[in-house]
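I wrote down each thing as I looked it up.

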Amino acid sequence: MKHSRLPRHSLVLIIAAAGLLSAAQSHVPDRADLNMVNRIRFEGLEHSQVGKLTAFLSDVIGPRPTGSPELDRANRWAAERMREWGMTNVVLEPYENFGVGWAPRYVSAHLLKPHYAPLVGFSVEWGSSTKGKISGRPVWVNLQSKTDFEAWRGKLKGKIVLYQPPQPVPTHFTPDARRHDEDSLKRLAETPVSATRPADPDYVRGFADDLEDFFRSEGIGVLVSSSGARLREYGTVLATGVRQARDPKRARPLPEIILAAEHYNRIHRIIEEFKEPAEMEVEIRNEFFDKDPRGYNVVGEIPGTDKKDEIVMLGGHIDSWSPGTGAADNAAGCAVSLEAVRILQALGIKPRRTIRVVLWSAEEKGWVGSKAYVAAHFGDVETMTLKPEHAKVSGYFNYDNGSGRIRGIYCQSNAAVQPIFAEWLKPFADLGATHAVLRDTGGSDHGALDYIGIPAFQFIQDPLDYSTRIHHTNMDVFDHVSVEDLMQSAVIMASFVYHAAMRGEMLPRKPLPDKFHYPVRR
């Protein structure tokens, strides 16, 4: 057969069209590997261990303040799970100058007169022990400024001292728990514009320090406070800690018990409104740990192959507050991260990039563990002096918003990753994960990496009753964790980490931030 030759201008058009098609295809957002997604979903939904991991951390090990033996046990337990699953380079990586550790050992509080009642209460974190049982008539002091001190000078030695006003306890007319709906997810997709990055103010000595000095000079027996202005109803006690308490050079903080607002208010009414004599009994036993001032992050890896010098990270913080057992905050995040790497190991994947899980300590003290890790591995955030490893991190995925299922991901103002993540979410639309939103979110360890220019992300999760009832309270226990939601979350975490580890290029980055000054947190 005789072939006719195309005119030269036709060939040029064909070549140009092919070039445009190739260029267009190169900009098509990443498609999810559906065969791998199927395998991840099957392993994660049919053979899940995420509930058992969460329960062991919270029920068996319990609350995990940084520097406590309980956190050390949790660290070693997590490292052993990683080794058990065949992960490599598993270490408890130390960082300097966390300071003095602390753990609660015993709290007992009772109203003895005018009637008997057990009282719901917990020690403030890093508070001291009482000198045995303190029994006697409670007094309430209304101290608003240093000028009020004189009226009480010489009258508080060995006393049980209430020093806050009673807290109102409103009736709830809306549910504590909720899930995102289309309207709330749509609102998250709208990015607010702010002129400044919000940050906590640096520590400045104030009236609280003067108050502490006064109580110390008076030799009080024990301080009694009321659960805070947030989460104060129905016997819920919100944790608080003592400022600067980790400094080994400062005096040990005073003993203090936080009572449920209803119990605090009752005692206040008895002694102030009705002027009836009351009697209380309080005993607190706490331990301090000052032999090793370092903190530790738990690190483990799935080694990469052709791009093994590049890293994809995932994790959550393993420390917790002490009134509950740190189940939703953040045994859940640790369990999701551990379950994600367990799933990938069970499937025998050989990632191109190294996958590194890090379980941070001292997040609850102001991201201490993650900030120390950033300084050791990636650079100085205050001068933006970067280390070589900074250029090798493709991204970090954090889990620390309770146990609600993943509904999407915050892209942290990184427009280039939004279409990528939107594609990776598509196979999970049936599980409710649909939205890749541009807005930033803070409040957890991903911020330490984001502030130095590493792509670092937090997932959008269903709120459930995390902020209204659970967060930092005695209600943060396993019974308030949604295991089914954690199963979904672990599957999505595993898929995101897998796709980030396998894609041709590292995740795109935002412009490097200006130097950033961390607020002083103590």
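I began with a term: two strands pair if DSSP finds at least two bridges between them. Helices (H or I, at least four residues) and strands (E, at least two) are DSSP runs, numbered from the N terminus.

I noted that this is a predicted model, where local features need pLDDT of at least 70, side-chain atom pairs count only at pLDDT 80 or more, and totals for chains, interfaces and linings use all residues. Residues are numbered from 1 along each chain as its sequence is written, and side-chain values use heavy atoms, with hydrogens and water left out.

**The sheet.** I found an open sheet of 5 strands in the order β4-β9-β8-β7-β6, with mixed pairing. Its edge strands are β4 (121-123) and β6 (139-140), each pairing on one side only.

I then looked at β9 (residues 256-259). Strand β8 (residues 222-226) pairs with β9 in the parallel sense over 4 bridges, and Ser226 stands opposite Leu259 there. β4 runs antiparallel to β9, joined by 3 bridges; Ser123 has Ile257 as its bridge partner.

Which way do the residues of β9 point? I saw Glu256 and Ile258 point one way and Ile257 and Leu259 the other, and all are buried (under 20% relative accessible area; exposed is over 50%, partly exposed in between; 1.4 Å probe, protein chains only).

In α9 (residues 368-377), 7 of the 10 residues are buried, so the helix is largely enclosed by the rest of the structure. Among them are Tyr373 and His377. After α9 comes Gly379, with a positive phi near 145°.
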